[in-house]
Amino acid sequence: MKVLGISGSLRRDSYNTKLLRAAEELLPAVVDFDLWDGLKAVPPYDEEDDVQPAPAAVGALRDAIRAADLLLIATPEYNSSPGQLKNALDWASRPLATNALRNKPVAVVGASTGAFGAVWAQAELRKVLAATGARVVEGEVALGHAPTRFDEEGDLVDEAAREQLAEVVEALLAETPVTLAAA
């Protein structure tokens, strides 16, 4: 089984990327985790550019989503929205009837430096993902005050947040018909 992690933050020391790395630690050994890092290369969506073959970065995103059994998306929040991540999902959602997100189980989590942990951005992403035909998994991790939740090595040190993340990961894994009994 393969889980694709997508961080909506472009920063090198992103708290959302750290959150995905913490989720990776919670996965059973039989699950492959791939952290997609091509967000910065995805161009602004323009229907005139949505041709075959797709722009290289868009093709790589679509291929990575198709190759995954499950998606785990961690979003920052910019002006109450997911920023560049929304643009990437617009590309992934085309063509609508056969898009890479259709029927794909997806969980959304988020971290921010503010108090609310990207709650609004997560809600926006869930709405967008549902509109694309993705199967959005219940559960939420809203990691506010993110700089205080990780140590200098980037490890999630907040036990309550780790438990919430474990619940979301478990709910995501439950969305696949593949059994993890070998784990």
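Lys and Arg count as positive and Asp and Glu as negative, while His and the chain ends are not counted. The place of a charge is NZ of Lys, CZ of Arg, CG of Asp or CD of Glu. This is a predicted model, in which local features need pLDDT of at least 70, side-chain atom pairs count only at pLDDT 80 or more, and totals for chains, interfaces and linings use all residues. Residues are numbered from 1 along each chain as its sequence is written, and side-chain values use heavy atoms, with hydrogens and water left out.

**View 1. Charges of the chain.** There are 17 positive and 28 negative side chains. The centres of the two sets lie 4 Å apart.

**View 2. Fold and dimensions.** The chain has five helices and six strands. Helices (H or I, at least four residues) and strands (E, at least two) are DSSP runs, numbered from the N terminus. From that end the order is β-α-β-α-β-α-β-α-β-β-α. The C-alpha atoms fill a box of roughly 45 × 40 × 25 Å along the principal axes. The radius of gyration is 16 Å, which agrees with the value near 16 Å for a compact globule of 183 residues. That radius is taken over C-alpha atoms, and the globule rule is 2.2 Å times the number of residues to the power 0.38.

**View 3. Surface and interior.** Buried residues make up 48% of the 183 residues. Buried means under 20% relative accessible area, exposed over 50%, and partly exposed in between (1.4 Å probe, protein chains only). The chain exposes about 9000 Å². Carbon and sulfur atoms supply 50% of that area. Areas come from the Shrake-Rupley method with a 1.4 Å probe; for residues, only the protein chains shown count as cover. Contact means heavy atoms within 4.5 Å. Among contacts between residues at least 6 apart in sequence, 76% join residues at least 24 apart.

**View 4. Asn16 in helix H1.** Helix H1 spans residues 15-26 and holds Asn16. Asn16 has a relative accessible area of 3%, so it is buried. Its side chain reaches the backbone nitrogen of Ala111 at 2.9 Å. Leaving aside neighbours within four places in sequence, Asn16 is in contact with Ser7, Ser9, Ala74, Thr75, Pro76, Gly110 and Ala111.

**View 5. Ala57 in helix H2.** Ala57 lies in helix H2, residues 56-67. At a relative accessible area of 18%, Ala57 counts as buried. Not counting residues up to four places away in sequence, Ala57 touches Trp36, Ala41 and Val42. Leu39 is 18 residues from Ala57 along the chain, and their C-alpha atoms are separated by 8.0 Å.

Conventions:
A polar contact is a pair of N or O atoms within 3.5 Å; within protein, one must be able to donate a hydrogen and the other to accept it, and residues adjacent in sequence count only if both atoms are side-chain atoms.
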